[in-house]
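Okay, thanks for coming, everyone. Let me put the structure up.

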Amino acid sequence: MEGIKDDVGHVPLLEAEEEEEEEEGRRPLRLRGSYLGIFGSTVFLVSMAALIIYQGHDYYDEAKIENKGNNNNNYNKVPRGVAEGVSAKSNSFLSETTPSYNWTNAMLSWQRTAFHFQPERNWMNDPNGPLFHKGWYHLFYQYNPFSAVWGNITWGHAVSRDLIHWLYLPEAIVRDMWFDINGAWSGSATLLPGGEIVMLYTGYTHQQVQVQNLAYPADASDPLLLNWVKYAKNPVMVPPPGIGPNDFRDPTTAWFGPDNKWTLTLGSMLNDSGLSLVYKTTDFINYELNDHFLHIVPGTGMWECVDFYPVSINGSVGLDTSANGPGVKHVLKASLDDTKLDYYAIGTYFIENDTWIPDDPDLDVGIGLRLDYGKYYASKSFYDQNKQRRVLWGWINESDSEVADITKGWASLQTIPRTVLYDKKTGTNLLQWPVEEIESLRLSSHEFKELLVKPGTVVPLHIGPATQLDIIAEFEIELLGSEGIVNNVEGCGVGAVERSAFGPFGILAIANDQLSELTPIYFRLSNHGNGTSTITTSTSFCVDETRSSKAPDVSKQVFGSKVPVLNDEKLSLRVLVDHSIIESFAQGGRTVISSRVYPTEAIYGAARLFLFNNATDINIKASLKIWQLNSAFIRPFPFHDTQ
Amino acid sequence: MKNKASTSLTLVLLCLTLVSTRLVSSQSSSDDGGDDLIDQICKKTPFYELCSSILHSNPLTPKSDPKGMAVIMVNNIEENATDTLNYIQDLIKKTSDQQLEQQLAFCAESYIPVVKYILPQAVDALKQGKFGFASYCISDAEKELDACNKKFSGNQSPLGDRNGIMQKLVDVAAAIVKLLLNG
């Protein structure tokens, strides 16, 4: 296999194509004079087209400039974004001595997903302003139009009828005013009762201050909301006294209250305590800051991408952001700048003074439950009035090296959108589940019933291709030998190799026949006996990336958490496999893990799916239904005309 | 010899007369301004007679504005779809067959966005000259109609001819919009 040369920015495929163009120009012109003009202008036009198409690939020139002439193995000591006052947007897990793998084009191309939202090229991060309007779902997103690393942030835009089949549109908000020239950062949409849409977003000003700006659609009757107008007198909110100019960002959707005002919140920090500021407005132009914070949690650091919304404790439908009353709890969520993790807590909103307290202070924001225990950040939800559900987006960054991202020309994905419901069975968790529209991608299926997997064995599942899958599985446990085994080793351990009495067992995804590369997704049970011989069981749900790839310049962690399992429940999981992303859901979505894998061998036709049981004292009986999933054919909107 | 020459000459003159008569008559019908344009356009669609009869029978059809003709056609589809949706919802109320009810419910789910958003947006887009977007909407509508149709096999569809006719109308509309797109 030919390797890619190891200097930054070398993209063999593109260079080869460029060479072809040059050769065409150098072809000897032995044609008649009358054809010369046509040929000449054709070459000219083709060259111009090539220039326009390939100007997007100036990125590696820019990357060189950003690296200031450093060698290819230089990883920025200060991660991207931090200097500008946002969370780190580059992977700092690699040291300067980590060898760079010889990634081939085949390996890199395979990594691109078939049905997860990602732009055609370049860098993406936070999802922004998601909304449903006149038959179309809109997704905006933090986007770098020039490069596969964070920077030059504008709002990308895409639409879909079904949250799955996306069509790219032109950028919606660009950095062209003093109040956002250094970045059109994250924000949210509020849909007004009359049908108007207001967008609030964070701008990074020419003086490097974080401010909040108002924007709205240029043409309210345009179903695609192509063009946006910025309020002439932006910003509408600036950092208040006592709040740092770099600690003030990511305004939420506003909700309407009994005081006949709109209220919204945005994250900030004081002395390492993360907090959420409250603003009120009647016109989205003038705002009053509340005396009280919505909530504050010491030691959690800056809160980015705060999200605040009601859930029904009945748990069957999503609620409009303004909903309130008995039978409603409120979720407060923050993305922690310091750790790049998304936390949430369920609690009570006191609308009289706009404060919120968690149901369980031990599970407060930033110290309790996470929305996703894998590679996941900057999530944002919206109320989908079309189907009366709350839908959650989350940004999935790359876990490979920046060099690889620049080489392959893109970085980051969004999760498949998930519905969010309060888990009324446990009362402590939210349930996340891929939106049902993903089922429209299902092609053929295979079903397996009660496959027996003995301790220390691996069972291949013959399903054909194994890179685009929807897997639903249930596991039953059969105790072997005498009862009375107590195994209190909890958690995910060092990975799937660590055997214990009651786990790990589960599936091996993106694995090759030789099992030299594999990604186990598994359960591990433990029980605790005490003096009176009552046994309580705890279950951990885990994803083990440590053997997902032979490449050394890739982050390979074990992710996971305990997952509540009720007495009458079987162990169940759902896994979406889509090339370099795996989204895993346990117990109907009580615990979710997103992970990125970059195999070098278990790609294309070599990727397989297995069941495994690495426990020592139990048999497993697994029942599975596995669908092949089609591509979502995400592509530019087919306008065809000169609008 | 002389007879043959004069016969041939007569024949030639006769042919010429016939040909020129045809030319004259076709010129005079184009002087009516438009009926021919409708026919010309409809001939470029998969269902000429359906297209022609709808456009000719509607007094609001503009004589020489293909864009207006496309609007008339899409409005027609919208009326049909709205009617069919009501019919589906009626059938749902009346049936006790669970499987049929599910199939009809699926069809209702397909028709609702078509009636509520897709076709009205196609009409707006046509009026604004946004032919690419209009074209996309029409193909979207077709997908939804098709999805509904596939729920029923063969002759068992309670929607009978309705879906079939609408498919044809959609094909006609799509063809007209394609003409507009290509100038």
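So, to start: which side chain does E304(A) meet in a salt bridge? The partner is R249(A), with 3.0 Å from N to O. Keep in mind that this is a predicted model. E304(A) sits in strand β14 of chain A, while R249(A) is in the loop between β8 and β9, so this pair ties together parts that are 55 residues apart in sequence. As for burial, E304(A) is buried, and R249(A) is buried too.

Now over to strand β27 of chain A, residues 468-479, which holds E476(A). That glutamate forms a salt bridge with K570(A), and their closest N and O atoms are 3.9 Å apart. K570(A) comes from the loop between β31 and β32, and the two residues are 94 apart, so we're again linking distant parts of the chain. How exposed are these two? K570(A) has 41% relative accessibility, so it counts as partly exposed, and E476(A), at 32%, is partly exposed as well.

There's another pair to show you here: E478(A) and K621(A) meet in a salt bridge at 3.4 Å, N to O. E478(A) lies in β27 and K621(A) in strand β36 of chain A, so the parts being tied together are 143 residues apart in sequence. E478(A) comes out at 31% relative accessibility, which is partly exposed, and K621(A) at 29% gets that label too. Over all chains, the count is 37 salt bridges.

D222(A) is in the loop between β7 and β8 of chain A. What's curious is that D222(A) is buried yet has no salt bridge. What the D222(A) side chain does reach is the backbone nitrogen of L226(A), at 2.9 Å.

Last stop, the largest pocket, with about 1,500 Å³ of space. It's lined by 37 residues, and the closest to its centre are D162(A), K387(A), E437(A), S440(A) and E144(B). Two of those names, K387(A) and E437(A), turn up again in a network of salt bridges with D384(A), R389(A) and E436(A). Which elements give two or more residues to the lining? That's α5 and α6 of chain B, and α5(B) gives the most, with eight residues. By class, the lining has 15 charged, 14 nonpolar and eight polar residues.

That's what I have, so over to you.

Note on methods. Residues are numbered from 1 along each chain as its sequence is written. Chains are lettered from A and ligands numbered from 1 in the order in which they are written. This is a predicted model: local features need pLDDT of at least 70, side-chain atom pairs count only at pLDDT 80 or more; totals for chains, interfaces and linings use all residues. Side-chain values use heavy atoms; hydrogens and water are left out. On a 1 Å grid over the protein atoms alone, a cavity is a set of points where a 1.4 Å probe fits but cannot get out, and a pocket is an open set with protein on both sides within 12 Å along at least five of seven lines; lining residues have an atom within 4 Å of a point. Grid points are joined across faces, edges and corners, and a volume is the space filled by probe spheres set on the points. Helices (H or I, at least four residues) and strands (E, at least two) are DSSP runs, numbered from the N terminus. Ala, Val, Leu, Ile, Met, Phe, Trp, Tyr, Cys and Pro count as nonpolar, Asp, Glu, Lys and Arg as charged, and the others, Gly among them, as polar. Buried means under 20% relative accessible area, exposed over 50%, partly exposed in between (1.4 Å probe, protein chains only). Lys and Arg count as positive and Asp and Glu as negative; His and the chain ends are not counted. A salt bridge is a side-chain nitrogen of Lys or Arg within 4 Å of a carboxyl oxygen of Asp or Glu. A polar contact is a pair of N or O atoms within 3.5 Å; within protein, one must be able to donate a hydrogen and the other to accept it, and residues adjacent in sequence count only if both atoms are side-chain atoms.
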